[in-house]
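Dear colleague,

I am handing over the structure below, and my notes on it follow directly after.

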Amino acid sequence: MIEKMELKTKTINRCGCKAAAVFMLFSLLLISPACKKFVEIDSVTDKLLASQVYTSDATSNSAIAGIYRQFKTNLQDPIFIYNSLASDDIVNYSPSVTFDPYSTNTLLSNDPRLAWANLYNIVYATNSAIEGLSAGKGTSESARQYYLGEAKFNRALAYFYLVNWFGDVPLVLTTDVSVSATASRTPAAQVYTQIIADLKDAQAALGDDYSYTGGDRSRANKWVATALLARVYLYQKDWVNAKLQADAVINSGLYSLLDGPTGIFEQNNAEAILQWSNYSSESNFSAGNFIFNTTPNLICRDNLLNAFEPGDLRKTTWIASKAYNGATYYYPYKFTTTSPNTTEWFVVLRLAEQYLIRAEANAMQNDFTDAVADINLIRLKHGGLTTALPVPADQKTCMDLIMNQRQVDLFTEGCHRWFDLKRTGRIDAVMTAEKPATWQSSSALYPIPLGDILKDPNLKQNPGYQ
Amino acid sequence: MDKALYFMKWTTILFAFIVTTAFGVWAEPVKGQNVLLRKVTVNIKAQLLPKALEEISVASGVKFTYGGTVANSKLTINADVKGKELKAVLDNILKNSPYTYEAFNDEIIIRYDSEKEKSEKKSSVSPASPAVDIHGKITDEKGLPLPGVTITVKGTQMAFSSDANGFFSVQTLRDNVTLVFSYIGYKTQEIPVSGHQELTVKMVLDYGKLDQVQVIGYGATTRKLNTGDVSTVKANVIESQPVTNPLQALEGRVAGLQIIQGTGLPGSGMQVEIRGRSSLLSNNYPLYIIDGVPFPSANLERIGTPSSLSGQSGSPMNSINPDDIESIDVLKDADATAIYGSRGSNGVILITTKKGSTGKTVFDVNVNNGFGTVTRTAQPLNTAQYLQVRNDAFKNSGQTPGADNAPDLVSWSPNADFDWQKWYIGNTAHQTNATATLSGGDKQTTFLMSGTFHNESSVLPQISGEGYERGNFHLNVGHTSLNKKLHVDATVFFSADKNKLPMPTALMYLVEMNPNYPVYDANGNLNWVNNKTNYIAANQQYDKVENNNLNASLSLKYNLFKGLDFKSNVGYNRIENNQIDASPSTSYDPSYGILGNSEFGKQLVQTFLFEPQLTYTTVIGNGKLDLLAGSTIEQQLSDGYLFLVDSYSSDAYIESLNFGSMDYRTASRIDYKYISVFGRATYNWDDKYILNGSFRRDGSSRFGPGKQFGNFGSIGAAWLFSNEAFLKDCRVLSFGKLHGSYGTTGNDGIGDYGYLSFYDTSTNYGNTSTLIPTQIANKNYQWEVNKKLELGISLGFLKNRILLNAAWYRNRSGNELVSYALPSITGFTGYIANLPAVVQNRGLEFEVNTTNVQSNQFTWTTSINLTIPKNTLLSFPGLQSSGYANSYVVGQPLNIVQKYHFLGVNPADGTTMIQDINNDGKYTQLSSYNGQGGDYVIAGTTDPKWYGGMNNSFRYKGFQLDIFLQYTRQDGYNLYSQIPAATFGNDLYSGWTAYLNYWKNPGDKVTVPKPEISNNMSQTEFQNSDAGFGDASFLRVKNVSLSYMFPSGIVQKWGMKNLRLYLQGQNVLTLTKYKGYDPEQAGSTYLLVPPLKMFTAGLQITF
């Protein structure tokens, strides 16, 4: 039988027909709906999605611990070294010329050692924690409250340093980039209002001992928040509240002044309120800059050396000396070792400061008797100075005693000297005498990093750095 | 699990598909032949054709198939046969008709053939032509047999090819046909034949290489017929250059391709850009494809190296042996690149490795040896000059040198004079390269295997085990089935290299060491002076990198039906990178008591690829239609580890993880998946009008949900006007083609997982493990899209002795995908985002190839290329308030450099005078554009104004001489601004003699401001001014290659086939006025080790 086929064109033969059909079928196969599924990533195995962090007690705990870790890693040098250099505590003899801009108060806005970005990184972590914990998914209620308190304490601590180093700073309270990327500077008073609110929240949320950390004084509790709140009120010149909060810490019964200066950085010492802890084999890298090994590093300025009364044990214990090239160099020795597995931890808050806060609050309210009593207590306990100072006749004398006591007890710790000079208005006088060649009044505030000035059009530079 | 199933599903479907269709097809030819051999007995008297066929069908049991023309045929048939073969019957009855037949499966197709009708009409006058059989031999221009020449019968799709001995045989039904002989690299010849004939065809070399094969995405074409813009560099050009990295061999050779070598150190990274920078911050690397398998293009970052020194990171292409490469095709316009869709944005570089060829087994050995030094340096100060500068600096600062602030003036010897630059980069590098290749094959199977060993030392001071070593193995096997339906090609190459160098970060600091620094103390021990690094000791720190690279690909092609081919590429690539950065304790000042420490890095990148494709070719009307449909499924897995180990008790164990204490470790694993479908249609009408369209739909895991897929496509057209009748006989113009294309490509060259926000583990806090935020998310970013437009013309004159290509292109990249810099108040310094900016790259490219002299004895050819690019930021809404306000200016190139405008040195006090743009009485390091209120003006751009190359190739008897010149007209950073120049006179740093013309006394009219010892504002401002940026143009004799091929008569007596001696020189001579090291690196703000001036001598023997 012959079949008739009506083909439309003579050039398409049987082969072509079949080929075209196969081609079409193949093309259809290609446009398979499974494509979409293929390009989805099953899981990310080397990182944790942010949305999964605050969904269990264990991961929440790790993330909160991460905030302290960020402080410990990134803020120990700025707090303990850079600001001690900026004040009249110490001077740089080390090979690291990068310390010099702090030492001579000639920071430029592109200095890589400004702690701005590190602090805002912590602010982000705390905001992320507060957002994640507030959503309240998967965490137990008691843990959630506690971690929320710790996050708020740490946010307050970060803003405390920001506002004191840089002045008015953007108050970022969200992880939302579209808000934070164009933030402008918030007046310092408003930042302080937030700090106080956060610390009060923390006080309410946190427990009143260290049972949460198994006795380690390495994370916040109620007294930690209270101690920082006392300091914040003092800086705000709210003498009544400063005294109230300092009293609460002193009377908590958890802390006592050390007998003698030895062991002030020892882990979990009786005086410590908050310390940044080390993991097992960690060493304190800031300590390496203080301790004079073979060549002088960070050397005490005469202002500090001359501030001690004769016979003060703190001068002989917390300051060591070594001869080099025929001269004797004195260097801070609160850290006594650079080796790993050290039992020395960074001190963030300790009891002596609370006594000094109370003393200052009393002095400013003209209660010189109570003020000098606290001073004498510290002189006796830390310095071994048995001769009590008489009650001062006036506020200025009393304040001078307090400032002197702050200088000799708190040197190279917590930026105290730098902030004290600033908040009491003494900075120009002291620094002009100490660093006449380079000091300018505008140096009291650090520059906002140039990068951020360029990226955020609403951010304006501090005077003297434009 | 899902993914595995998914793969299996695909594979199974495709496999089943191949098997079922293949079996049917294999059987065909036999059946078809059998049908024609059937015996028939019929008696047909004056029947019309359809009726006659019906009777034959009944009688033979064979089915006939035909169309309307046959059915309506008025042809009358008479036949009376008994037991005759069907073939003979059909031959007889259709002899004088316009009909042909063809056996297919169990049936016979009767077709109307207009050509046959014409000849039949003629034959109504003359006797009918019988089917003819044409035999012959094809030779090359020297008379040697040429195998593999394609012979087609014009007007039909019949094709034949010559065998290993050049013989061919063509059977055709018709007489008076025209045979077309074509072969790559030779001119296509058309020879009319009539009757049985014995032919000898001598193929003639094509001057203009118009029929040179160009590899394009998923296929190949020729320069003549290409609608897109592709430049090809062949093996002979690559082989003539003593380079380690194949990319180095492309420098200056291709219009539109700019390549800058990172440093002159072995294994250096390469900056590669095709047609300029289109992305603001993200990836501008082209896509590399080696034998069909994508190859990582980003430089392998070295651990511990600041990213600003990216020139010192390693190029992954370094593991590719230049000797293994057959050709490199650079795809530039939309027509060529759109088939690669989302990854074709920055152009595509296709690398094809060598394959075996039919013929006698050949053994080839090629050995060379050479040495090199850095091309160009600057003159550092000697001690006398240096001390003068320092004394002047103290004088200018009004201070007195003392032991504490000026040991160089007070304590150190004024007679010591050490040239640090010479010590560090003034050494001679040595290089040895040996390759052995065995290749051959028969009609069906070809193979090639080669092994290469490469050894290279650096110009840095030698340390133990220093240098670069590489071994390569390359294997290719090709097989074609007897019936030529199946073709399989498998390629494997493996390379292992080791690179050990002193830690390369030191250069920029080291070269400004003061020349009288007391390196050794009185006892001959290394001396450590406070505040200074002892670089002799520091040089013991080294960086050791080992790479293993395995690339395997299998391409399979099966002819399903006439014109329809199934193809499949399966590929696997594995790059393993191991790195140790070791710092022995002896490299540190012993007073610090620092123990040895090492960083260990490991990276493993694996790429899996599966690309099934179908191609279909058919003739429609007077033209040929090529169709392609395919799919890509790709997965890339990257694993990385980094360990930091310190406190080694002994430096002897510093390369072991075991003997120190673990300080830090991190790991990463990245999964990248990619899927797409693509198609292309090309219609070529009579080699005159060619239209090409392609489409691709891509999905990439680098984008967030809902943003993963994108569509890309292009359309290209070419008009070969020289094939038009009115130009066909033109004597001057031998070739002319206009082509144009427009299309879109994309760019997903960003990091993975950018649409997610992450926490990562960090160091413990106390005993608690920690999690810290590491990435802030942006869920909204999408593809960056590049719209490419191109118009080009190709002209050939005087039988293509002069070939000219000119192209104009305009690429506009929008929806810019960048690592957007965020102010750190957000908590992070950046995230991935699209920017509503448009970047345009526009330019002209020219390529001219001429054959100046061609005779038996002497040949002289020239090729010239020139590129005139222009990069412009066309628009950037919101630039003023963005993080880029100080970097970019609308209407200007992306690579602009902004600096103070230098007004000279104040003759009165030697200070730098700067133009105060905003008249506020002070100088601000911000842009004066975009309302930034600064004093920076545009000093220029690091983009070249134009660049290109010229090659002259001479051949006289056995001698061949190639001279390649590279030229670039550009501006760049010079010594006055390259870091750390601002320390001149300050802080114990030395400088360059270029600084010596500095201000000394009031009234001096000089170009360099006074040095001071501290607060060196004049020098800082000088460095930040446009005095530090200027002409960096250069003309370079990039390559000279001379070779001598011994006469074949002589070498045959020695038992060889070929013997070739050669001398090669790279970067031989550089002419420039540039104030600095090598002008090629003038785009860097850092001093880098310059490229090498390399000379090698070699010997190649073929057996």
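In strand 14 of chain B, the residue that stands opposite Q214(B) is T221(B); strands here are DSSP runs of E with at least two residues, numbered from the N terminus. This is a predicted model, in which local features need pLDDT of at least 70 and side-chain atom pairs count only at pLDDT 80 or more, while totals for chains, interfaces and linings use all residues. Residues are numbered from 1 along each chain as its sequence is written, chains are lettered from A and ligands numbered from 1 in the order in which they are written, and side-chain values use heavy atoms, without hydrogens and water.

Strand 13 (residues 213-216) and strand 14 (residues 219-222) of chain B run antiparallel and are joined by 4 bridges, where pairing requires that DSSP finds at least two bridges between two strands. The two strands form a hairpin with 2 residues between them, and Y218(B) in the turn has a positive phi of about 55°.

Elsewhere in chain B, 5 strands form an open sheet of mixed pairing, in the order 15-20-21-18-19. Strand 15 (230-234) and strand 19 (293-295) of chain B stand at its edges with a single partner strand each, so one side of each is left without a neighbour in the sheet. Within this sheet, strand 18 (residues 287-290) and strand 21 (residues 348-353) of chain B run parallel, joined by 4 bridges, and I289(B) has L350(B) of strand 21 as its bridge partner.

Finally, L738(B) lies in strand 34 (residues 733-747) of chain B, and is partly exposed at a relative accessible area of 37% (buried is under 20%, exposed over 50%, partly exposed in between, with a 1.4 Å probe and protein chains only).

Best regards
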